[in-house]
Structure formats: C-alpha cells, structure tokens
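Take a look at the model below. This report walks through its helices, its core and its disulfides.

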Amino acid sequence: MSSGHGINGGVGRCYPFFAEFKECLKTEKLITLDDGTRKWKNDCWTVREDYFECLHAKKEWAMVRRVNEEEKRQAAIAAGQH
C-alpha cells in the first residue's frame with residue numbers, strides 16, 4: 001500500500017491519504033504550551049483517521065448498517081407491523 005501501486009497498476013486508492021499522513025508526520029512534534037499543557041503541533045490524528053477509513057471503511061459500513069436497519073423499520077411500519 002505504501003508503495004503507491006494499486007492492485008491493478010496505477011496509484012492505489014488509499015495512497016493519496018497515506019502520502020498526506022506521511023507528510024503530516026514529518027513536521028509533527030509535541031509542544032508545551034505556556035500553561036504547561038502539552039499538545040501536538042500538527043494534528044495528524046484527523047489525517048490518520050482519513051487514511052484508516054480508506055483502508056478499512058468502518059464508518060462507511062456502520063452507516064450502511066444504520067440505513068439498512070432504518071429501511072427495515074420503515075418497511076415494517078408500512079406493512080402495519082410494529
């Protein structure tokens with residue numbers, strides 16, 4: 001995946017997300033603020049989330065399940081079943 005080559009040649013579907021994540025990590029570092037709290041300079045977490053969603057599609061599949069459940073519920077109501 002990180003090579004950039006897709007299964008059928010060309011660029012892999014998630015490679016652009018990986019490349020963005022890799023670039024973010026190059027400049028990521030932990031900084032200490034004036035009040036003593038620490039935080040990441042660049043918030044690469046959101047970029048990482050996008051990359052992992054592309055790889056695993058967990059949020060997409062969760063949405064599909066919710067839509068299917070709602071369709072079943074609506075069909076049961078229309079059929080007069082509760």
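## One side of a helix

Which residues are buried in H1? This is a predicted model, so every answer here rests on a prediction. In H1, the buried residues are Phe-18, Phe-21 and Cys-24. They cover an arc of only 125 degrees around the axis, so they sit on the same side of H1. What do they face? The buried residues of H1 pack against H2.

H1 has twelve residues, and at 1.5 Å a residue they should span 16 Å. The end C-alpha atoms of H1 are 17 Å apart, which agrees.

## The nonpolar core

Which residues make up the largest nonpolar core? There are eight: Cys-14, Phe-18, Phe-21, Cys-24, Cys-44, Val-47, Tyr-51 and Cys-54. H1 and H2 each supply at least two residues of this core. In soluble globular proteins, nonpolar side chains tend to be buried together.

Phe-21 is then in contact with Cys-44, Val-47, Arg-48 and Tyr-51.

How many disulfides does the structure hold? It holds two. A disulfide is a covalent bond between the sulfur atoms of two cysteines.

Cys-14 lies in the segment before helix H1 (15–26), and Cys-54 lies in helix H2 (residues 45–56). The pair therefore ties together parts that are 40 residues apart in sequence. The torsion about the S-S bond of Cys-14 and Cys-54 is about -90 degrees, so this disulfide is left-handed.

Are these two cysteines buried or exposed? Cys-14 has 0% relative accessibility, so it counts as buried. Cys-54 has 13%, so it counts as buried as well.

## The disulfide of Cys-24 and Cys-44

Another disulfide joins Cys-24 to Cys-44, with an S to S distance of 1.9 Å. Cys-24 lies in helix H1, while Cys-44 lies in the loop between strand S2 (38–40) and H2. This pair therefore ties together parts that are 20 residues apart in sequence.

The torsion about the S-S bond of Cys-24 and Cys-44 is about -100 degrees, so this disulfide is left-handed. Cys-24 and Cys-44 are both buried.

## The pairing pattern

Count the bonded cysteines along the chain. What pattern do the disulfides follow? The pattern is 1-4, 2-3.

Note on methods:
Residues are numbered from 1 along each chain as its sequence is written. This is a predicted model: local features need pLDDT of at least 70, side-chain atom pairs count only at pLDDT 80 or more; totals for chains, interfaces and linings use all residues. Side-chain values use heavy atoms; hydrogens and water are left out. A disulfide is a pair of cysteine sulfur atoms within 2.5 Å. Helices (H or I, at least four residues) and strands (E, at least two) are DSSP runs, numbered from the N terminus. Buried means under 20% relative accessible area, exposed over 50%, partly exposed in between (1.4 Å probe, protein chains only). A nonpolar core is a set of buried Ala, Val, Leu, Ile, Met, Phe, Trp, Tyr and Cys residues joined through side-chain atoms within 4.5 Å. Contact means heavy atoms within 4.5 Å. The expected span of a helix is 1.5 Å times one less than its number of residues. The arc is that of the directions from the helix axis to the C-beta atoms. Lists of a residue's contacts leave out its neighbours within four places in sequence.
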